[in-house]
Amino acid sequence: MKHLFLTILTMCVLHQFNFAQSPKLFNYQGIARDATGNPLISQSLSLKLSILPTSDATLPEYEETQIIKTNEFGLYTLQIGNGQVLSGEMNKVRWETGNKYIKVSIDPNGGHQYVDAVLPNYFQCHMHCMLTKQELPLTRVQTAKQEVEL
């Protein structure tokens, strides 16, 4: 009887793991540069990050802002989905419809006067499947190298 109870308890616990939701965040990093191409070193910046369904879309599926600080090389690292949401919901981005494009806009003064720093880049990855809630391995991430002077 004790063995049956432990078996049923174990099955219930394992069943709960099948319904666990994956985090709605993913890592992103870039290098902030000024108009002459020099990195913006150890500086606080305001970023606006937009996830677009197509490269020419004007309405993002998700958009947020984040205040970041660059390091001694102008590098910044953040998690998209962890900022102040402007529009959309990360869990409602339709990843299953195909490629997405990320547009990064920056205000080097840390305010809200954003300039497009990276035009919509092709972004392809196999992330967490939002429909089946199954975690899929990250197999490939691609972005086009494209810089715009501030």
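A residue counts as buried when its relative accessible area is under 20%, as exposed when that area is over 50%, and as partly exposed in between. The exercises below concern a predicted model.

**Exercise 1. Determine what share of the residues in the protein is buried, and in what order its elements run.**

Solution. Step one applies the cut-off of under 20%: buried residues make up 30% of the 150 residues. Step two turns to the elements, which comprise one helix and seven strands. Read from the N terminus, their order is α-β-β-β-β-β-β-β. Step three considers contacts with a separation of 6 or more, of which 55% are between residues 24 or more positions apart.

**Exercise 2. Describe the largest nonpolar core and identify the elements that give two or more residues to it.**

Solution. The core has 20 residues, and those with the most contacts inside it are Tyr28, Ile51, Tyr76, Leu78, Ile80 and Met90. Two or more residues come from each of strands E1 (26-31), E2 (44-52), E3 (62-69), E4 (75-80) and E6 (100-107). Strand E2 supplies the largest share, four residues. As a general background, nonpolar side chains in soluble globular proteins tend to be buried together. Finally, the surroundings of Ile51 may be listed: beyond its neighbours within four places in sequence, Ile51 is in contact with residues including Phe26, Tyr62, Ile80, Met90 and Trp95.

**Exercise 3. Decide whether Ser50 is buried or exposed, and state which side chain it joins in a polar contact.**

Solution. Ser50 is found in strand E2. Its relative accessibility is 2%, so Ser50 counts as buried. The side chain of Ser50 is joined to that of Glu63 by a polar contact of 2.6 Å. Apart from neighbours within four places in sequence, the residues in contact with Ser50 include Pro60, Tyr62 and Ile102.

**Exercise 4. Count the salt bridges and classify the residues of each by accessibility.**

Solution. The count comes to three salt bridges.

- Glu61 and Lys100 meet through their side chains at 2.7 Å, N to O. Glu61 lies in the loop between E2 and E3 and Lys100 in strand E6, 39 residues apart, and the pair links distant parts of the chain. Both residues are buried.
- Lys92 pairs with Glu89, with the closest N and O atoms 3.6 Å apart. Lys92 has a relative accessible area of 57% and is therefore exposed, whereas Glu89, at 40%, counts as partly exposed.
- Arg94 pairs with Glu96, with the closest N and O atoms 3.2 Å apart. Arg94 is partly exposed at 47%, and Glu96 is partly exposed at 41%.

How values were computed. Residues are numbered from 1 along each chain as its sequence is written. This is a predicted model: local features need pLDDT of at least 70, side-chain atom pairs count only at pLDDT 80 or more; totals for chains, interfaces and linings use all residues. Side-chain values use heavy atoms; hydrogens and water are left out. Buried means under 20% relative accessible area, exposed over 50%, partly exposed in between (1.4 Å probe, protein chains only). Contact means heavy atoms within 4.5 Å. A nonpolar core is a set of buried Ala, Val, Leu, Ile, Met, Phe, Trp, Tyr and Cys residues joined through side-chain atoms within 4.5 Å. A polar contact is a pair of N or O atoms within 3.5 Å; within protein, one must be able to donate a hydrogen and the other to accept it, and residues adjacent in sequence count only if both atoms are side-chain atoms. A salt bridge is a side-chain nitrogen of Lys or Arg within 4 Å of a carboxyl oxygen of Asp or Glu.
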